[in-house]
Amino acid sequence: MTDELVAEYDASGNVVGAVPRSRVYAEGLWHASAGVLVRSPDGARIYVHRRTMTKSVFAGMHDCLAGGVVDPGETPLGAATRELAEELGISGVPLTALAAEAWDGQWAGKPMRCHLFAFEVSWDGPIRHQPEEIADGWWWTDEELATHLADPAWPFVPDTRVLIPQLLRLRQHP
């Protein structure tokens with residue numbers, strides 16, 4: 001198995017090169033990831049999923065963004081589109097940036113520092129989990145998600161835990 005390359009970013013959000021994923025995590029290098037919030041067409045529910053126990057980071061934790069790292073030469077929108085299709089089997093639908101194109105949330109925790117680009121999609125079709133990445137999934141209201149996020153013991157991906165309240169506020173107050 002080869003160590004895939006990911007786009008390396010600086011702290012200001014500029015692409016500065018490409019490095020192996022293992023170095024990104026081991027050395028805490030800046031990189032970018034793109035995530036997609038999947039909503040029901042009426043906007044009342046968000047798709048939440050649990051990561052598999054084999055994930056290299058945040059194994060077994062819950063998340064509400066389908067996404068992953070930005071590859072070398074890839075845009076955040078391209079990464080979001082690719083990851084949504086890979087992880088949940090959703091393709092052929094337009095993604096909407098959840099904030100200005102230049103905006104990115106930042107998360108500087110262990111084991112990584114990351115620029116987070118967020119998008120949203122409306123979906124009422126079938127969802128097909130990528131078995132290597134997604135263990136289970138279900139639909140929740142914003143309130144159900146907020147209740148779980150308020151519990152610090154609930155195992156939720158830490159970068160999304162920081163980002164999602166901002167994204168939900170942006171959606172309510174554009």
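Across the whole structure, a search finds 4 aromatic pairs (rings of Phe, Tyr and Trp, the last by its six-membered ring, with centres within 6.5 Å; planes under 30 degrees apart are stacked, over 60 edge-to-face, the rest tilted). Tyr-47 and Trp-139 form an edge-to-face pair, because their ring centres lie 5.2 Å apart and their planes stand at 75°. This pair links distant parts of the chain, with Tyr-47 in strand 4 (residues 46–51) and Trp-139 in strand 10 (residues 134–140), 92 residues apart (strands are DSSP runs of E, at least two residues; helices are runs of H or I, at least four; both are numbered from the N terminus). Ring pairs also join Trp-138, Trp-140, Trp-154 and Phe-156 into a cluster.

The model is predicted: local features need pLDDT of at least 70 and side-chain atom pairs pLDDT 80 or more, while totals for chains, interfaces and linings use all residues. Residues are numbered from 1 along each chain as its sequence is written, and side-chain values use heavy atoms, without hydrogens and water.

Tyr-47 is buried at 5% relative accessible area, whereas Trp-139 is partly exposed at 25% (buried, under 20%; exposed, over 50%; partly exposed, in between; 1.4 Å probe, protein chains only). Cys-64 is buried, at 1% relative accessibility, and Cys-114 is likewise buried at 1%. The search for disulfides (cysteine sulfur atoms within 2.5 Å) finds 0 in the whole structure.
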